[in-house]
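Below is a brief report on one structure. Please look over the sequence and the model before reading on.

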Amino acid sequence: MALKFEVLGRFNRARAAQLTLPHYLCQTPLFMPVGTQGTIKGLTKNQLEEIGCQIILGNTYHLALRPTSELIDELGGLHKFMNWPRALLTDSGGFQMVSLLHLADITEKGVTFQSPVDGKPMLLTPEESIQIQNRIGADIIMALDDVVRTTITGPRIEEAMYRTLRWIDRCIAAHKRPNEQNLFGIVQGGLDPVLRDICVRGLVERNLPGYAIGGLAGGEDKDSFWRVVAQCTAALPEDKPRYVMGVGYPLDIVVCSALGADMYDCVYPTRTARFGTALVPEGVLKLKHQAMANDIRPIDPMCECMVCKNYTRAYIHCLVTKDAMGSQLLSYHNLYYMMKLSRDLHSSIVEGRFPEFVCKFLQTMFPKGDVPEWVCNAMEVAGIDISSCCREMRFDVDKSSTL
Amino acid sequence: MKFAVKKGWSNGRARSGVLQLGSCPFPIQTPALLLTTRKGLPPFTSPDLLTSSLPSPDSHLLQFSPLHFLEGISPKTISNIGGLHQMLSLHQHIFAAVPRDSIIALPEHDSTNKYGASFQTPGGRLLIKPAEYVELVSSMKPDFWVTLADEVPAWVSNKRNRTSVDRTLRWLDDCLSLNKESTTIFGSIVGGSSIEERHRCAQEVAQRNVSGYWIGGFGLGESMDERAALLTAVTDNLPEDMPRHVSGLGLPEEVLQGVAAGIDLFDSTYVYHLTLGGFALTFPLERNKGENADYQLSDSGGDGMKINLKATVYRKDTSPIVESCICFTCQNHTKAYLNHLFNVHEMLAQTLLEIHNTHHYLGFFCSIRKAIEEGKFEQFRRNFVESRRDRLFAAASSA
């Protein structure tokens with residue numbers, strides 16, 4: 001164990017905490033931007049610090065390919081290689097393999113795939129994934145799990161869940177740096193509460209430094225999504241961080257935080273920036289649209305970031321999709337927005353005004369009161385009264401005990 | 001605008017000067033470099049990095065082409081925002097409007113006609129008339145702007161060349177008369193590769209009521225050897241106490257040639273092209289003759305002037321691009337990291353490299369100014385050219 005997790009404030013299930021990692025003292029809830037290949041698209045480390053990024057995610061699959069984990073290790077680890085003074089998290093490499101490679105196949109041994117470099121058959125085992133992550137040196141490393149999309153049904157889900165539990169033991173055994181790097185287990189089990197429960201219990205028994213909720217953010221309906229998150233957060237230990245992988249949209253982050261999750265990651269803010277879309281409290285702003293060509297307001301008049309304080313929508317409009325600078329400026333703004341959201345979640349919980357924050361957030365995003373039903377249901381379970389934001393109250397009777 | 005040549009500090013035609021322009025509170029020492037921009041901002045360096053990581057006031061001179069703004073944002077909107085400085089939020093920077101830039105607004109002499117100048121842009125071919133040009137420029141309110149010119153490459157016929165001078169002079173007069181607000185205008189001088197035409201154009205422009213001179217038609221295919229005489233044919237006919245600005249002279253040797261002919265301001269896409277290709281400037285800025293002898297070259301993949309960061313030899317190199325360089329990139333990152341970024345096609349590679357290359361090239365201009373002030377410019381120039389030759393020779397023989 002190489003972390004400390006101290007809860008500083010609560011509102012029902014939601015919690016604000018201080019997460020002390022080897023390289024940085026973080027405050028949760030927090031969003032982690034994805035720096036796939038050892039960099040966040042176009043932003044320097046100084047800009048990332050200014051924006052308030054605390055933990056950055058690196059993709060093991062990409063880094064193992066180039067420049068290779070051995071090289072990173074030889075040069076002193078990823079922190080030194082990137083010159084990033086704060087915290088890093090690496091994923092196991094499994095997800096990219098399954099999603100990026102056509103011929104990936106999962107067996108008990110590991111994930112077999114065709115090397116994208118020379119087509120040779122290769123095998124990523126739990127042991128190999130941990131070794132690669134040990135060499136990269138991130139503060140948090142992820143176990144190799146057998147991840148299936150929630151849109152799949154049938155016995156494959158059960159098989160994947162049990163295999164994930166078998167693999168966690170192999171990951172633990174292979175982990176050479178438990179005093180410097182924290183190995184998180186990942187809860188699988190699809191949308192099946194029984195399977196999820198078995199997986200949670202199995203992982204908790206291993207007494208890991210933290211836990212992730214995996215297998216979501218892959219196209220399942222929102223109603224199923226929040227129920228799985230709610231079930232897992234209810235069952236995972238209070239005193240350890242909970243990380244919902246692949247989330248995401250600001251609305252999803254607010255809901256998951258209300259349900260008791262602490263950490264999130266997603267490519268969405270930076271990816272959508274490259275398509276000319278800015279994140280704003282009302283939702284999104286598409287800078288590519290012709291309407292923006294003459295709009296001389298900033299992207300978000302309330303935003304304090306360098307981009308909103310200096311540039312108009314009209315100018316950014318003429319840059320987006322044509323000049324790299326457009327992507328850079330929008331990425332800067334979008335990440336600033338996400339980190340501000342993280343800071344607001346943390347401080348509103350600590351200062352005892354979390355329900356007010358949630359209401360204001362929903363009112364701004366849904367000014368007509370058309371808050372989606374899944375959000376209303378989730379907030380009810382979270383014990384947050386959002387009746388002031390909804391045009392009509394909706395009642396959901398199904399509150400099974402696992403929630 | 002105020003410009004003064006520092007008396008007593010000339011070496012032949014090379015001169016040292018000071019430029020003071022509205023927006024920038026600090027005087028700019030010349031000879032100086034104007035940084036290339038796309039729509040007013042450097043191609044890869046975001047504005048916060050421009051102000052925080054590059055030397056001041058050297059990096060405050062920015063060249064832009066008004067043509068960049070023709071698609072995407074209207075002159076009226078730019079006016080509503082309040083002009084270029086407000087739109088880009090760079091209030092202490094100096095913006096120079098030059099229609100031609102060697103990246104995305106290339107003069108198309110074949111399509112230029114008596115109505116206007118033609119340019120090849122990513123959006124297609126554009127014909128811009130003096131009236132449209134003046135309207136564009138007045139919405140942007142740059143610190144100074146150059147009049148519309150008909151630039152032709154070195155190989156056109158004498159007739160075509162003469163026409164280009166006649167047109168450029170006519171458009172200069174058009175621009176002057178259309179210029180309602182009293183703005184700072186540089187008169188454009190062309191003339192291709194004819195000494196007589198260069199001479200004629202310069203003399204004519206010198207008679208107009210302008211604040212400085214822009215010398216065009218270079219960097220369009222003429223050889224360096226023929227250029228020297230053409231440059232002096234122009235500068236010898238211009239008043240001494242007015243600034244001279246040239247476009248298209250990018251390489252260090254070309255800059256030195258321009259300085260030797262009496263040029264004060266240079267805009268160049270050298271840094272941009274280097275950055276795109278992954279090349280980092282490394283030539284020594286200090287003029288010690290001794291260090292040329294034992295310059296390490298072996299498998300550096302470079303030529304003594306620059307290195308190619310994509311070369312595999314840098315995969316594990318944990319040193320900065322230039323050991324003594326104080327730019328953000330050299331202070332924070334290694335060649336190994338940059339090599340990786342280039343290999344995986346990450347945008348950050350160009351941002352970091354543009355910062356270093358700009359910083360280094362601005363340092364080169366600083367060395368030039370120092371040499372002029374010490375009365376040693378010709379020697380500086382000679383040393384530079386010779387040591388480059390030595391390094392190239394050594395690189396070739398060790399290959």
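## Terms and model

A residue counts as buried when its relative accessible area is under 20%. The model is predicted.

## Helix H12 of chain B

Helix H12 of chain B spans residues 335–343. It is mostly covered: 8 of its 9 residues are buried. The buried set runs through B:Lys335, B:Ala336, B:Tyr337, B:Leu338, B:Asn339, B:His340, B:Leu341 and B:Phe342.

Both chains contribute to the cover. From chain A, it includes helix H2 (60–65) and helix H4 (78–82). From chain B, it includes helix H9 (270–277), strand E16 (306–308), helix H11 (328–332) and helix H13 (347–373). Just after H12(B), B:His345 adopts a positive phi of about 55°.

## The eight-stranded sheet of chain A

Chain A holds an open sheet of 8 strands with parallel pairing. The strand order is E4-E14-E13-E12-E11-E10-E6-E5. Strand E4 (30–33) and strand E5 (55–58) of chain A form the edges, each pairing on one side only. Neighbouring strands of this sheet are turned by 25° against each other on average, direction ignored.

One pairing can be followed in detail. Strand E11 (residues 182–187) of chain A runs parallel to strand E12 (residues 210–213) of chain A, and 4 bridges join them. Which residue of E12(A) is the bridge partner of A:Gly185? The partner is A:Tyr211.

## Chain A as a whole

Chain A has 16 helices and 16 strands. Its radius of gyration is 21 Å, close to the 22 Å that the globule rule gives for 403 residues, so chain A is as compact as a globular protein of that length. The C-alpha atoms of chain A fill a box of roughly 55 × 50 × 40 Å along the principal axes.

Of the 403 residues of chain A, 62% are buried. Among contacts in chain A with a separation of 6 or more, 65% come from residues 24 or more positions apart. Chain A exposes about 15300 Å², with carbon and sulfur atoms supplying 53% of that area.

Definitions and conventions: Residues numbered from 1 in each chain as written. Chains lettered and ligands numbered in written order. Predicted model: local features only at pLDDT ≥ 70, side-chain atom pairs only at ≥ 80, totals over all residues. Heavy atoms only, no water. Buried < 20%, exposed > 50% of the residue type's maximum accessible area, 1.4 Å probe, protein only. Helix = DSSP H or I, 4+ residues; strand = E, 2+ residues; numbered from the N terminus. Contact = heavy atoms within 4.5 Å. Pairing = 2+ DSSP bridges. Axes fitted to C-alpha atoms, helices over the stretch in contact; angles between N-to-C directions. Rg over C-alpha atoms; globule rule 2.2 N^0.38 Å. Areas by Shrake-Rupley, 256 points an atom, 1.4 Å probe, with all protein chains shown as cover.
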